[in-house]
Amino acid sequence: MKKKIKNQVFWVGKVDWELRKFHGDEFSTHHGSTYNSYLIQEEKNVLIDTVWIPFAEEFVENLAQEIDLNKIDYIVANHGEVDHSGALPALMKHIPNAPIYCTANAVKSLKGQYHQDWNFHVVKTGDKISIGGGKELVFVEMPMLHWPDSMATYMTEDNILFSNDAFGQHFATDKLYNDLVDQCDLFKEAIKYYANILTPFSQILKKKLEEVLSLNLTIDIIATSHGVIWRDNPLQIVEKYSQWANDYQENQITIIYDTMWNGTKKLAEKIAEGIEIVDPDVEVKVFNLTKSDQNDLITEVFKSKKVVIGSPTINNTILHSIAGFIQLMKQMKFKGKKATSFGCYGWSGESTKILNEALANAGFEVIEEGFRNQWNPDDGRQIEAIEFGKKIAKA
């Protein structure tokens, strides 16, 4: 179970190869995930975080093979969410008086979830504990990254930042380190993780990154709570976060639609054609919402400078699939992105008006009235859809 990270610091977590959904069914995890827990065995023995509830008993049994549980001096709970704290109840049955270091909000979270009044020690940014050998653990509060209770822990001398959810990915691997895995897979999962989990908190994250960097900490390793540990140029992921937090966009336009009888699908393809005619350098991507993974689509929206959303009119409104996706985009609080709409209708034709209002309410700058087409688009209307695409490219 125990894998050496550096000196007397070990990984004691769990690789979850089978995980395909997270946060209930809110987040897709095509590559599984890991729950990274760390054991420090200096003069003081410290456990940093645990694992998700389904693996709690396995975790405690394995941990007991690596260390006498009664010799654990401190537990650090960087975050109270169950994928990090899930094994605490099983562990604390063995060591009920072990001190747990966490933020004040984490005390609320842990008490609220497990209804236990454990030996909590509340810490704030800059607080520290000595673990022997001249080494200390220094705590840094990181509220809303991504819960109010979150914090990171820095180990001096070994220069390890236990970053919790920041800089992580849902990416199952037994290779443990960033330089040992496929880089395309790694950064695809890293940006998906940021786009879907941390985007709403980008402004907070920018300030927190500045605060952490101002501490002038030497960081040799970033030990995350999910996915790989960053040991090869660990600050590369910090640099990525700095980019992603700054109203990120690439030269990409994304078209997302749902359709009933393929009329709206035809429009999507013709709009894409028009965009490409005007701007052959732009990356144009077209997705049928119901045949795509919504978290992957949020990642595409995150990368886009413009988003074009399509729905036919049904019952004087839009398809509920599209309505739900726009609500999901609204939750992400995207900044600096433009959008417009399109859709077919048979009778009343309200969809584009409703779509544009919803997009504006979700924080997008609406750039065109939208393209409405009655019935199935004929050759003439398909040409007009191409022209609409050209307008989008020029806007």
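Okay, ground rules before the tour. Because the model is predicted, local features need pLDDT of at least 70 and side-chain atom pairs count only at pLDDT 80 or more, while totals for chains, interfaces and linings use all residues. Residues are numbered from 1 along each chain as its sequence is written, and side-chain values use heavy atoms, with hydrogens and water left out.

So, the overall picture. The protein has 12 helices and 24 strands; these are DSSP runs, H or I of at least four residues for helices and E of at least two for strands, numbered from the N terminus. The C-alpha trace spans about 80 × 40 × 35 Å along its principal axes. Of the 395 residues, 57% are buried. Buried here is under 20% relative accessible area, exposed is over 50%, and partly exposed is in between, with a 1.4 Å probe and protein chains only. Contacts, meaning heavy atoms within 4.5 Å, are worth a word too: among those with a separation of 6 or more, 70% come from residues 24 or more positions apart.

Now the helices. Two packed helices are described by the angle between their axes and the distance between the axes. Axes are lines fitted to C-alpha atoms, for helices over the stretch in contact, and angles run from 0 to 180 degrees between N-to-C directions.

Take α5, residues 183-198, against α7, residues 235-244: the angle is about 45° and the axes are 11 Å apart. That makes α5 oblique to α7; on this scale under 35 degrees is roughly parallel, over 145 roughly antiparallel, 65 to 115 roughly perpendicular, and the rest oblique. The crossing of α5 past α7 is right-handed, which is the clockwise case: left-handed would have the near helix turned anticlockwise from the far one by less than a right angle. On the α5 side the contact includes Phe 187, Ile 191 and Tyr 194, and on the α7 side it includes Ile 237, Tyr 241 and Trp 244.

The other partner to look at is α9, residues 294-303. Its axis comes within 9 Å of the α5 axis, and the two cross at roughly 90°, so α5 is roughly perpendicular to α9. Ile 191, Tyr 194 and Ala 195 are among the α5 residues in that contact, with Ile 298, Thr 299 and Phe 302 among those from α9.

Keep Tyr 194 in mind, please. Ring pairs link Tyr 194 with Phe 167, Tyr 241, Trp 244, Tyr 248 and Phe 302 into a cluster. The structure holds 18 aromatic pairs. For a pair, rings of Phe, Tyr and Trp (its six-membered ring) need centres within 6.5 Å; planes under 30 degrees apart are stacked, over 60 edge-to-face, and the rest tilted. One of the pairs is Tyr 74 with Tyr 101, edge-to-face at 5.4 Å centre to centre and 85° between the planes. Tyr 74 is in β9 (residues 74-76) and Tyr 101 in β10 (residues 99-102), so this pair ties together parts 27 residues apart in sequence. Both tyrosines, Tyr 74 and Tyr 101, are buried.

Lys 2 is over the face of Phe 10 at 4.3 Å from the ring centre, and the charged end of Lys 192 is over Phe 27, 5.5 Å from the centre.

Next, some single residues. Thr 153 belongs to β14, residues 151-155, and counts as buried because its relative accessibility is 0%. Beyond its neighbours within four places in sequence, the contacts of Thr 153 include Val 76, Leu 137, Phe 139 and Phe 162. Asp 16, in β3 (residues 14-16), is buried as well, at 8% relative accessible area.

Last, the backbone. Where is the cis peptide bond? It joins Leu 145 and His 146, with omega about 10°, and His 146 lies in the loop between β13 (135-141) and β14. Phi is near 50° at Asn 233, a positive value in a residue other than glycine; Asn 233 is in the loop between β16 (221-224) and α7 and is partly exposed at 44%. Asn 315 also has phi near 50°, but Asn 315 is exposed, at 68%.

How values were computed: Lys NZ or Arg CZ within 6 Å of the ring centre and 35° of its normal.
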